[in-house]
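User: Could you walk me through this model? I'd like the overall picture, then some helix pairs and a few loop residues.

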Amino acid sequence: MKRYIYYLLFYFLGCTALWAQEDRFYIRSVDEIDIPVTTKDSIVSYTGNHQKLASLFEKHHVKVFRKGFKYADRDKLKRTYFVIADTPNFQKSLLEEVSDIFEFGESLLPETLKIYEPNDYGITSTLGENKGLQVNLDYLDFLGVPEAWYYTQGSKEVIIGISDGWVDPEDPDFKGRVTMFKKSSYSKGHGISVATTAAARGNNGYGVVGVCPECSIYTTTYGDFKYLNQLLELSRAGAKVINCSWGSTRYYETAQEAINEMRDNGTVIVSVPHNASFKVTQGKIPRYPGAYEHVISVSSVQHRFDEPSQTMHINNKGNPYAIGLKNYVGRAVGFKGNDIKGEQYIFQASTNNLDPYVDILAPGTFIFRYGAFKETGDILYNSVEKTSPAAPLVTGTIGLMFSINPCLSVDEINSMIKLSATNIDAIKANTPFKGMYGAGSLHTGRAVKMSYDMLQPEAYTLIENQHFSRWKFRLEAPYKLKIRNQKFTDNAAVNFTAKNEILIENETVFLPNENGEILLKIDPEASYNCKDIKE
């Protein structure tokens, strides 16, 4: 435990020292112009004709100079650059000495930008040079994964299980980290794509990074729907979370008992409701193991665009539609009366299966397919909604949560994933699917921060901005809880125990019916009773 405390202290002090020596900032040009630069040996040089600008680049040892918002539509964002220089005052020099080019700057300080990005974070990286594949990992931005990495990039003591197709143990992103329990079929690269999303190694200048890049990995085959023996084997061997991006429509009581045993072992099972569209299932065809009790079932949500105008298309009938709107449960959105400023609706055919067993949503469209890259060398994404790539985003998140607190129970993990989720109820187009998309959209950053805050004597663990009318929520030993703008009604059951304080703020409602309950306790002796706890 002491070693961990010293490590964290060294990490934060080291980060502070690093930032103190560098100048990191956004800067905006007067006009939308091309500022030509070239990078050699990690040093950026200006290659244009402005002599003063060239001399400033040389003087300040610039490491990063690039567009800060590559996909922006707004004028000011289009003219904004992200910059890192080894010497201080580069921003000040640009604004004062080349004011004909730059009009505004804004510093990025460690206390205001609490994120970490490895050197293989793809083309949306904001902190440094991407040495890996030129892949768009904006779905990790959407989930706040760099915010989570500020607290942890995972732990080799935390084992993620992958029950899927074959994962190459000699791949640079997995070498030395994978233990194969049962060999699986190749399955068109499905297994290695899932494993990459969950836990590909980070900061190695290769490929892309997964959500939990420092976690260890156990792999096995898939199927065995009746007994789930391959999952039990991983659980008994110490896997903390197991990803199952597969399923069947048949319920087996024996399988439910196997799930119960894995829950007792402290293993979280993550699965999916499968890819069939809601137009076909209407939420009435559950998939197992996703629909079993004590399993986290993950369906897909969209993550890319803020406004329909950013992604407008015209179908073969001449009607407008938009795709990929953030926090919409379907990929394609239409407009009543073809009025693009009017009421929206989601095409059911563009929505993966949703049902009352779904717990959480995660991005399932425009996800990088590493298996396809291994086969062809091409950077490819899935262009339609899928649940298989959504589940490992949740699995990797849980790996990060266990890396901070390995003593969290299965029930606590399930609760925290929901409590930290993004509420998507306010999106009117989602309303027809309410009750079937779980707690909303996964937010890795908030889930991991919650895990961290629960162990800090002076920090409040924040619960806010949701309305839950079902599920059981359990938190066992955070120091302090703050609940605000939060509703627990109807069948919701709350059992929160804090060591020091529970603060209930404005707009918080506790109104359960006869099937729900609210139990809030203060117990200074509350503890996780785990020798591996890293407080």
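User: Of the contacts in the chain between residues at least 6 apart in sequence, what share joins residues at least 24 apart?

Analyst: That share is 66%, where contact means heavy atoms within 4.5 Å. Please keep in mind that this is a predicted model, in which local features need pLDDT of at least 70 and side-chain atom pairs count only at pLDDT 80 or more, while totals for chains, interfaces and linings use all residues. Residues are numbered from 1 along each chain as its sequence is written, and side-chain values use heavy atoms, with hydrogens and water left out.

User: How many helices and strands are there in the chain?

Analyst: The chain has 14 helices and 26 strands, taken as DSSP runs numbered from the N terminus (helices are H or I with at least four residues, strands are E with at least two). The radius of gyration is 24 Å, close to the 24 Å that the globule rule gives for 535 residues, so the chain is as compact as a globular protein of that length. That radius is taken over C-alpha atoms, and the rule is 2.2 Å times the number of residues to the power 0.38.

User: What box do the C-alpha atoms fill, and how much of the chain is buried?

Analyst: Taken along the principal axes, the box is roughly 75 × 65 × 55 Å. Of the 535 residues, 55% count as buried, with buried meaning under 20% relative accessible area, exposed over 50% and partly exposed in between (1.4 Å probe, protein chains only).

User: On to helix pairs. At what angle do H2 and H4 pack?

Analyst: Helix H2 (residues 51-60) and helix H4 (residues 90-97) pack at about 170°, with their axes 11 Å apart. The axes are lines fitted to C-alpha atoms, for helices over the stretch in contact, and angles run from 0 to 180 degrees between N-to-C directions. H2 and H4 are therefore roughly antiparallel to each other, given that angles under 35 degrees count as roughly parallel, over 145 as roughly antiparallel, 65 to 115 as roughly perpendicular and the rest as oblique.

User: Which residues make that contact between H2 and H4?

Analyst: H2 contributes Lys52, Leu53, Leu56, Phe57 and His60, and H4 contributes Phe90, Ser93, Leu94 and Glu97. By class, this contact has five nonpolar, two polar and two charged residues. Here Ala, Val, Leu, Ile, Met, Phe, Trp, Tyr, Cys and Pro count as nonpolar, Asp, Glu, Lys and Arg as charged, and the others, Gly among them, as polar.

User: And how do H7 and H12 cross?

Analyst: The axes of helix H7 (residues 190-199) and helix H12 (residues 390-404) come within 7 Å and cross at roughly 40°, and the two helices are therefore oblique to each other. Their contact is made by Val194, Thr197 and Ala198 of H7 together with Pro392, Leu393 and Gly396 of H12. It has four nonpolar, two polar and no charged residues.

User: Is H13 mostly covered or mostly open?

Analyst: Helix H13 (residues 410-419) is mostly covered, with nine of its 10 residues buried.

User: Now loops. Where is Asn89, and what is its phi?

Analyst: Asn89 is in the loop between strand E5 (80-85) and H4, and its phi is near 75°, a positive value in a residue other than glycine. Asn89 is partly exposed, at a relative accessible area of 46%. Asn485 also has a positive phi, of about 45°, although it is not a glycine; this residue lies in the loop between strand E21 (480-484) and strand E22 (487-490) and is partly exposed at 40%.

User: Is Asn327 buried or exposed?

Analyst: Asn327 counts as buried, at 16% relative accessibility, and it sits in the loop between strand E14 (320-323) and strand E15 (332-335). Leaving aside neighbours within four places in sequence, Asn327 is in contact with residues including Phe142, Gln302, Ile424 and Ser441.

User: Which residues does a cis peptide bond join?

Analyst: It joins Tyr288 and Pro289, with omega about 15°. Pro289 is found in the loop between helix H10 (278-281) and strand E12 (295-301).
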